[in-house]
Amino acid sequence: VDWKPFEQGLAEAKASRRPICLIFYTDWCPHCRNYQKVFEDKAVIELSRRFVMIHENKEKVPEISARFAPDGDYIPRTLFLTPDGTLMPEVTEQRDEYRYFYDESDPASVMRSMKEVAARKF
């Protein structure tokens, strides 16, 4: 996966008109380490090419993390944004709490949302 930092990714998304998959993590979080393995799945890697993939340590960019925390500042947190950086709040995991926390061991969880966003026109 071609991970980008936030500002570079946002500029690339605007220029290419591709949606953004934004993931916040920390180095110390075991769930984040597990979730990172989901992005080694071949189908996820292939699908990621339709996105600008942004991976940020929330402790290093607290202002950006706080801006994209619609239901809390937990980790790992995966959000989908339009090419201009607007949150798509309706694209979530299917649960009432921690809606932006996808299954850390099953690629199908995040792939469902990736496919939903990839099918949209921007």
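Student: Which residues does Phe 6 touch, not counting those up to four places away in sequence?

Tutor: Phe 6 touches Leu 22, Ile 54, Glu 56, Ile 64, Arg 67 and Phe 68, where contact means heavy atoms within 4.5 Å. Keep in mind that this is a predicted model, with local features needing pLDDT of at least 70 and side-chain atom pairs counting only at pLDDT 80 or more, while totals for chains, interfaces and linings use all residues. Residues are numbered from 1 along each chain as its sequence is written, and side-chain values use heavy atoms, leaving out hydrogens and water.

Student: Why is Cys 29 called buried?

Tutor: Buried means under 20% relative accessible area (exposed is over 50%, partly exposed in between, with a 1.4 Å probe and protein chains only). Cys 29 has 3%, so it is buried. Cys 32 has 7%, so that one counts as buried too.

Student: How many disulfides are there?

Tutor: The count is zero. A disulfide here is a pair of cysteine sulfur atoms within 2.5 Å.

Student: What makes the buried residues of α2 line one face of the helix?

Tutor: Those residues are Cys 32, Tyr 35 and Val 38, in a helix spanning 30–38. Down the axis of α2 they fall within an arc of 90 degrees, so they line one face; the arc is taken from the directions from the helix axis to the C-beta atoms. Their cover includes β2, α3, β4 and α5. Helices (H or I, at least four residues) and strands (E, at least two) are DSSP runs, numbered from the N terminus.

Student: What makes β1 and β4 edge strands?

Tutor: The open sheet runs β1-β3-β2-β4, with mixed pairing. β1 and β4 each have a single partner strand, so one side of each is left without a neighbour in the sheet.

Student: How do you know that β1 pairs with β3?

Tutor: Pairing takes at least two bridges found by DSSP. Two bridges join β1 to β3, and the strands run parallel. Trp 3 stands opposite Met 53 in β3.

Student: What joins the side chains of His 55 and Gln 36?

Tutor: A polar contact of 3.0 Å. The cut-off is a pair of N or O atoms within 3.5 Å; within protein, one must be able to donate a hydrogen and the other to accept it, and residues adjacent in sequence count only if both atoms are side-chain atoms. His 55 lies in strand β3.
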